[in-house]
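Subject: Structure for your files

Hello,

Here is the structure I said I would pass on. My notes on it follow below.

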Amino acid sequence: MASSGQKVVLITGCSSGIGLRIAVLLAKDEKKRYHVIATMRDLKKKDKLVEAAGDAYGKTLMLLPLDVCSDESVKQCINSVKDRHIDILINNAGVGLLGPVESISIEDMKRVFETNFFGVVRMIKEVMPDMKKRRAGHIVVMSSVMGLQGVVFNDVYTASKFAMEGFCESMAVQLLKFNVHLSMIEPGPVHTEFETKMMEDVAKMEYPGADADTVRYFKDVYLPSSKDIFEAMGQTPEDIAKCTKKVIESRNPRFRNLTNSLYTPIVAMKYADETGGLSVNTFYNLLFNFGPLMHITMSILKCLTCSCLRRRTISPN
C-alpha cells in the first residue's frame with residue numbers, strides 16, 4: 001500500500017526489458033516518492049524483476065497479474081488497487097513483428113494490434129475516468145520512432161505504433177482540460193533480450209508466400225543493416241527508464257519524447273518534404289544502393305558514439 005505522499009505508478013509489461021527497468025528505477029527512488037505496481041501477464045516470469053528490485057520488493061514495489069488483451073483482466077487489476085487510485089500509468093507492454101508482409105497471416109497482424117494498440121486503449125479507458133474526476137494524473141505510452149517514421153519489413157509493427165500515436169495525439173487535447181497529461185516515449189533501437197532473440201529467430205525462418213528476391217533482400221540486406229544500426233545507435237533499457245523518469249518528474253511534461261537525439265534528423269527529414277519522396281527515396285538508397293557505404297558509416301558511428309556519449313544524448317534534457 002502506498003504511503004502518504006507517494007505517487008502510485010502502474011506499469012504494464014514488467015517481466016523483462018524496458019518495463020522491468022522502469023519499475024526497478026522508480027521503486028528504488030532515493031526519496032521513496034513512488035509506490036510501483038509492476039504488472040505482467042504471467043507472474044511465473046517474475047523472478048528477474050524480483051531479483052533486480054532487491055529490498056524494494058514488497059515495500060515500494062508490488063506485483064499484479066495483468067493481460068492488456070483482456071477486458072476482464074484489465075478491470076480486475078485496476079479494481080484491486082486501493083480506491084482505484086493511480087497517479088501515473090505507464091503503458092509498456094508490446095509485441096514485435098518482423099518480415100515480409102506476404103508471409104504474415106492476418107491473425108498474427110491482429111495479435112500485434114491487440115497488444116500494441118488496443119491494449120493501450122483498454123488501459124487508458126480504465127484509468128482515465130478516475131483521473132478526470134480527480135483532475136490529476138499522467139499517462140505515459142511507450143511508442144517508438146517507428147510511430148513517426150515507417151521502416152521497411154516492420155510494416156505491421158509500424159502500423160500499430162502509428163495508430164497509437166494518432167490515438168494519443170487526439171486524447172492529449174481532451175485530457176489537458178482535466179489537468180491530465182499524456183506523454184509518448186519514442187525510442188529508436190533498444191538492446192533487449194526480446195530484440196536479440198527475434199533477430200536470431202527471423203534469420204532462420206522460411207517465408208512462404210514471399211518471392212525469392214524479397215526474402216533475399218530481407219535476410220541478406222535488411223537484417224545485416226539492422227544489426228549495424230542496433231550496434232551503432234542502440235540504447236539500453238536503462239537509458240529508456242531514465243528518460244521515462246525524467247518525463248514523469250517534469251513540471252510540464254512534453255507530449256513527444258525522442259530518447260535518442262541521433263534519430264532527430266531522420267524524423268525531421270520526413271516532415272521537411274510534404275510529398276514524402278525525400279524520406280522514401282533516402283531509405284531506399286541507403287538500403288538497396290548504398291548498403292556497403294551504410295555499413296562503413298555505421299561502423300564509424302559506433303566508434304564515435306561510445307556508451308558514454310549515448311548516455312549524454314538521452315532526451316529530454
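A compact globule of 317 residues would have a radius of gyration near 20 Å, and the chain has 20 Å, so the two agree. Please keep in mind that this is a predicted model. Along the principal axes, the C-alpha atoms fill a box of roughly 60 × 40 × 40 Å.

Overall make-up

The chain contains 13 helices and seven strands. Of the contacts in the chain with a separation of 6 or more, 77% are between residues 24 or more positions apart. Buried residues account for 47% of the 317 residues.

The annotated domain

An unreviewed UniProt entry carries the annotation "domain: Ketoreductase" for residues 7-193. That span is 42% helix and 18% strand, and its end C-alpha atoms lie 30 Å apart.

Helix 1

Helix 1 covers residues 17-27 and is mostly covered, with eight of its 11 residues buried. The buried ones are Ile18, Gly19, Leu20, Ile22, Ala23, Val24, Leu26 and Ala27.

The annotated active site

The UniProt record, again an unreviewed entry, places the feature "active site" at Tyr157. This residue lies in helix 6, which runs over residues 155-176. Is Tyr157 buried or exposed? Its relative accessible area is 16%, and Tyr157 therefore counts as buried, the cut-off being under 20%. Leaving aside residues up to four places away in sequence, Tyr157 touches Val95, Gly96, Leu97, Val112, Asn116, Ser144 and Met146.

A residue on the outside

Lys44 is found in the loop between strand 2 (34-40) and helix 2 (47-53). With a relative accessible area of 74%, Lys44 is exposed, since the cut-off for that class is over 50%. Lys44 and Ser15 are 29 residues apart in sequence, while their C-alpha atoms are 9.2 Å apart in space.

If you open the model, two places to look at are Tyr157 in helix 6 and Lys44 in the loop between strand 2 and helix 2.

Regards

Key: Residues are numbered from 1 along each chain as its sequence is written. This is a predicted model: local features need pLDDT of at least 70, side-chain atom pairs count only at pLDDT 80 or more; totals for chains, interfaces and linings use all residues. Side-chain values use heavy atoms; hydrogens and water are left out. UniProt positions are given in the numbering used here, feature names are shortened, and annotations may be inferred rather than shown by experiment. Helices (H or I, at least four residues) and strands (E, at least two) are DSSP runs, numbered from the N terminus. The radius of gyration is taken over C-alpha atoms; the globule rule is 2.2 Å times the number of residues to the power 0.38. Buried means under 20% relative accessible area, exposed over 50%, partly exposed in between (1.4 Å probe, protein chains only). Contact means heavy atoms within 4.5 Å.
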